[in-house]
Amino acid sequence: MRSRLDNHNPSPKNHVLPSHNILHEAMSLDNVKHIVLVLSGKGGVGKSSITTQLALSLSLAGKSVGILDIDLTGPSIPRLLGLESAKITQAPGGWLPCEVHKEQVLPPIPTPPPSQAQNGTSNATPATNPTNGTTAPQQPPEPEVQAEPDTDAPIGSLHAISLALLLPSRSSAIVWRGPKKTAMVRQFLTDVLWPPTDYLLIDTPPGTSDEHISLAETLLSKSLPGQLSGAVIVTTPQAVAVSDVRKEVNFCGKVGIEVVGVVENMSGFVCECCGEEANLFGKGGGEIMASDFGVRFLGRVPVDGQWGVLVEEGRRPVYGKVESNGEGRYADEEGNVGEVDDKGRREDGLLVDKYRSCALRGVFEGITGQLIGIIEGQLDGNG
Ligand SMILES: Nc1ncnc2c1ncn2[C@@H]1O[C@H](COP(=O)(O)OP(=O)(O)O)[C@@H](O)[C@H]1O
Ligand SMILES: [Mg+2]
């Protein structure tokens with residue numbers, strides 16, 4: 001079947017949307033096993049960061065992963081994955097997602113700084129009661145530290161595509177309003193040619209806009225039975241953010257999308273020098289909400305400055321006494337140095353490889369472990 005996207009010009013000005021519905025005999029989503037939406041009530045709560053880390057963590061668990069970014073309000077997936085200059089290629093039948101990394105065996109993790117190894121903890125994700133989704137009061141998660149070299153099990157591939165990559169410039173997002181945007185989102189959902197993919201994570205705009213309704217309708221009508229696993233809702237401990245997320249939970253209920261669980265981001269703060277945590281906004285909002293709505297609480301994710309360093313500078317996370325010598329080089333107390341390029345270029349190496357040194361990795365291992373369990377049926381998904 002020839003795609004309606006053949007000869008597609010990505011400029012919104014010249015963009016031609018189909019005037020009629022075309023049946024998708026060979027839908028691009030056919031290669032995808034599980035579809036998970038990532039939702040939040042408002043922007044800036046870390047939805048894209050959570051999406052990215054879920055993807056990296058699932059890949060590290062050996063799953064092939066795709067990220068579909070349809071958030072034009074803050075299209076940060078290309079930046080987080082280092083794909084800003086990527087061009088979307090068109091193949092007969094649809095768009096091709098960008099390859100972030102292939103399925104492969106990663107080299108051993110470079111020796112972690114001794115200060116990390118001393119702090120090593122087991123998986124820090126809070127234990128959740130699977131019968132009611134509540135979590136026993138306990139200390140915030142400690143950063144996980146990679147003490148042992150990884151096994152030689154292959155990681156899964158990661159592909160990603162962002163609606164933002166179709167825009168000639170950032171300001172173009174403003175041009176796409178209302179029905180045009182909605183139609184574009186719908187088309188983007190169905191016309192990306194995913195390779196065989198275990199998990200497709202969809203980073204959505206914040207809130208419950210027309211795009212969400214269109215997204216839900218399209219997914220519910222076009223996905224195969226059992227393919228749409230549901231939504232992960234991201235919140236922060238702030239009450240306002242939590243009340244926004246209540247709307248997301250209600251929205252999912254209304255449109256018939258299951259809530260797989262809630263992740264509370266920016267819950268506590270990891271000091272990258274001393275490893276101690278401070279409490280930024282108070283904790284527990286996400287858990288209380290999850291318990292109120294009878295949905296599963298997947299875990300708390302503390303603020304980790306090294307996550308920012310990893311995605312902004314592409315530098316492998318280093319913990320311990322990190323000090324700048326003023327020349328763009330940072331050394332911990334044992335002299336392990338990280339190179340910061342003054343032109344803003346990233347260090348070489350795969351994001352997924354460097355992410356293994358991030359303290360948040362252990363937290364996400366717990367979260368994705370639960371997700372895989374729920375979605376692949378080892379746990380009762382109803383919280
Ligand atoms: N747990 C975290 N630790 C450190 N920085 C974080 C964390 N979560 C999000 N951030 C940072 O907060 C900012 C907003 O996150 P982002 O994922 O873009 O939010 P959203 O997609 O909800 O708008 C980004 O700069 C991101 O790197
Ligand atoms: Mg975002």
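Let's start with one pair: Val 36 stands opposite Leu 201 in strand β7. Strands pair when DSSP finds at least two bridges between them, and helices (H or I, at least four residues) and strands (E, at least two) are DSSP runs numbered from the N terminus. What you're looking at is a predicted model, where local features need pLDDT of at least 70, side-chain atom pairs count only at pLDDT 80 or more, and totals for chains, interfaces and linings use all residues. Residues are numbered from 1 along each chain as its sequence is written, while chains are lettered from A and ligands numbered from 1 in the order in which they are written.

Now widen the view. Strand β1 (residues 32-40) is joined to β7 (residues 197-203) by six bridges, and the two run parallel. β1 also runs parallel to strand β8 (residues 228-235), again with six bridges, and there the bridge partner of Val 36 is Gly 230. Eight of the nine residues of β1 are buried, so the strand is largely enclosed by the rest of the structure. Here, "buried" means that 20 or more other C-beta atoms, placed from the backbone, lie within 10 Å of a residue's own.

Back to Leu 201. Leaving aside residues up to four places away in sequence, Leu 201 touches Val 36, Val 38, Thr 51, Leu 54, Ala 55, Val 65 and Ile 67; a contact here means C-beta atoms within 7 Å. Leu 201 also belongs to the largest nonpolar core, which has 89 residues, and is among those that touch the most other members, along with Val 38, Ala 160, Ala 231, Val 232 and Ile 233. Helix α11 (residues 360-375) gives this core its largest share, eight residues. Such a core is a set of buried Ala, Val, Leu, Ile, Met, Phe, Trp, Tyr and Cys residues joined through C-beta atoms within 7 Å.

Ala 160 takes us to another strand, β6. All five of the five residues of β6 (residues 158-162) are buried, so this strand too is largely enclosed by the rest of the structure. Both of its faces are covered, with Leu 158, Ala 160 and Ser 162 on one side and His 159 and Ile 161 on the other. β6 pairs with strand β2 (residues 65-69) in the parallel sense over five bridges, where Gly 66 stands opposite His 159. With strand β5 (residues 98-101), β6 pairs in the antiparallel sense over three bridges, and Cys 98 stands opposite Ala 160.

Next, the ligand. Ligand 1 is surrounded by 18 residues, the closest being Gly 46, Lys 47, Ser 48, Ser 49 and Val 303; a residue counts as near if its C-beta atom, placed from the backbone, lies within 6 Å. At least two residues of this shell come from each of α1 (47-60), β9 (259-270), β11 (297-304) and α9 (305-313).

Two of those elements deserve a look. Helix α1 has 14 residues, and 14 of its 14 are buried. Just after α1, Gly 62 takes a positive phi of about 90 degrees. Over in strand β9 you'll find Met 266, which has a positive phi of about 55 degrees although it is not a glycine. Met 266 is buried, with 22 other C-beta atoms within 10 Å.

Note on methods: A residue is buried if 20 or more other C-beta atoms lie within 10 Å of its own, exposed if 12 or fewer, and partly exposed in between; C-beta atoms are placed from the backbone. Two residues are in contact if their C-beta atoms, placed from the backbone, lie within 7 Å.
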